Amino acid sequence: QVQLVESGGGLVQPGGSLRLSCTASLFTLDSYTVGWYRQAPGKEREGVSCISGHDVGTYYAEFVKGRFHISRDIAKNTVYLQMNSLKPEDTAVYYCAAVDSAPMVDMCPVMQYEYAYWGQGTRVTVSS
């Protein structure tokens with residue numbers, strides 16, 4: 001069964017860093033556009049970052065620009081979200097999602113309903 005699995009969440013102090021991983025099984029992520037979303041308690045899920053297939057382009061929400069970085073490791077079939085200078089308001093469950101992409105087209109950002117696959121989420125808590 002096709003799966004996306006997130007990992008790397010946890011408890012971190014304000015100002016700290018975490019790196020989230022999104023690993024795919026049964027398909028190769030290289031050509032897929034992969035997005036990171038988050039959902040805080042009582043709030044709607046919101047887009048955080050996106051990387052287009054073959055790394056043609058990236059997107060960051062304003063509230064993470066300069067602090068988060070998205071990248072892809074083809075050999076590990078994994079997309080990472082490096083999160084630095086974390087704030088309490090970054091506390092949420094983080095999800096990754098993937099959709100196959102047209103070659104050499106920057107698809108980011110992608111609407112949530114357009115993603116074909118979703119992971120189960122990994123919890124990030126930023127607190128002292």
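Trainee: In which strand does Val126 lie?
Mentor: The model is a predicted one. Strand S11 covers residues 122–126. Val126 falls within that range, and the strand asked for is S11.

Trainee: Is Val126 buried or exposed?
Mentor: Buried means under 20% relative accessible area. Val126 has a relative accessibility of 4%. That value is under the cut-off, so Val126 counts as buried.

Trainee: What separates the C-alpha atoms of Val126 and Lys87?
Mentor: Along the chain, Val126 and Lys87 are 39 residues apart. Lys87 is also in contact with Val126, as are Leu86 and Pro88, among others. The separation between the C-alpha atoms of Val126 and Lys87 is 6.1 Å.

Trainee: Is Tyr113 buried or exposed?
Mentor: Tyr113 lies in the loop between strand S9 (92–100) and strand S10 (117–118). Exposed means over 50% relative accessible area. Tyr113 has 68%, so Tyr113 is exposed.

Trainee: What separates the C-alpha atoms of Tyr113 and Lys43?
Mentor: Tyr113 and Lys43 are 70 residues apart along the chain. Their C-alpha atoms are separated by 18 Å.

Trainee: How many disulfides does a search of the whole structure find?
Mentor: One joins Cys22 to Cys96, with an S to S distance of 2.1 Å. Another is formed by Cys50 and Cys108, whose sulfur atoms are 1.9 Å apart. With bonded cysteines counted along the chain, the pattern is 1-3, 2-4. The search finds two.

Trainee: How many residues apart in sequence are the parts that Cys22 and Cys96 tie together?
Mentor: The link of Cys22 and Cys96 is right-handed, with 70° about the S-S bond. Cys22 lies in strand S3 and Cys96 in strand S9, so the parts tied together are apart in sequence by 74 residues.

Trainee: Which hand does the link of Cys50 and Cys108 have?
Mentor: Cys50 and Cys108 are both buried. The angle about their S-S bond is -75°, and the link is left-handed.

Trainee: Which residues have the most contacts inside the largest nonpolar core?
Mentor: In soluble globular proteins, nonpolar side chains tend to be buried together. The largest nonpolar core here has 29 residues. Elements that give two or more residues to this core include strand S3 (18–25), strand S4 (32–39) and strand S8 (78–83). The residues with the most contacts inside the core are Leu29, Trp36, Leu81, Met83 and Tyr94.

Trainee: How many residues make up the other core, which lies apart from the largest one?
Mentor: Among its members are Cys50, Ala97, Val99 and Tyr115. Cys50 is the cysteine that forms a disulfide with Cys108. The number of residues in this other core is seven.

Trainee: Which residues do ring pairs link into a cluster with Phe27?
Mentor: The count of aromatic pairs comes to six. One of them is the tilted pair of Phe27 and Tyr32, at 4.6 Å centre to centre and 45° between the planes. Phe27 and Tyr32 are both buried. The residues linked with Phe27 are Tyr32 and Tyr117.

Trainee: Over the ring of which residue does the charged end of Arg19 sit?
Mentor: Arg45 lies over the face of Tyr95, at 5.5 Å from the ring centre. The charged end of Arg19 is 4.0 Å from the centre of another ring, that of Tyr80.

Definitions and conventions. Residues are numbered from 1 along each chain as its sequence is written. This is a predicted model: local features need pLDDT of at least 70, side-chain atom pairs count only at pLDDT 80 or more; totals for chains, interfaces and linings use all residues. Side-chain values use heavy atoms; hydrogens and water are left out. Helices (H or I, at least four residues) and strands (E, at least two) are DSSP runs, numbered from the N terminus. Buried means under 20% relative accessible area, exposed over 50%, partly exposed in between (1.4 Å probe, protein chains only). Contact means heavy atoms within 4.5 Å. Rings of Phe, Tyr and Trp (its six-membered ring) pair if their centres lie within 6.5 Å; planes under 30 degrees apart count as stacked, over 60 as edge-to-face and the rest as tilted. A charge sits over a ring if NZ of Lys or CZ of Arg is within 6 Å of the ring centre and within 35 degrees of the ring normal. A nonpolar core is a set of buried Ala, Val, Leu, Ile, Met, Phe, Trp, Tyr and Cys residues joined through side-chain atoms within 4.5 Å. A disulfide is a pair of cysteine sulfur atoms within 2.5 Å. Lists of a residue's contacts leave out its neighbours within four places in sequence.
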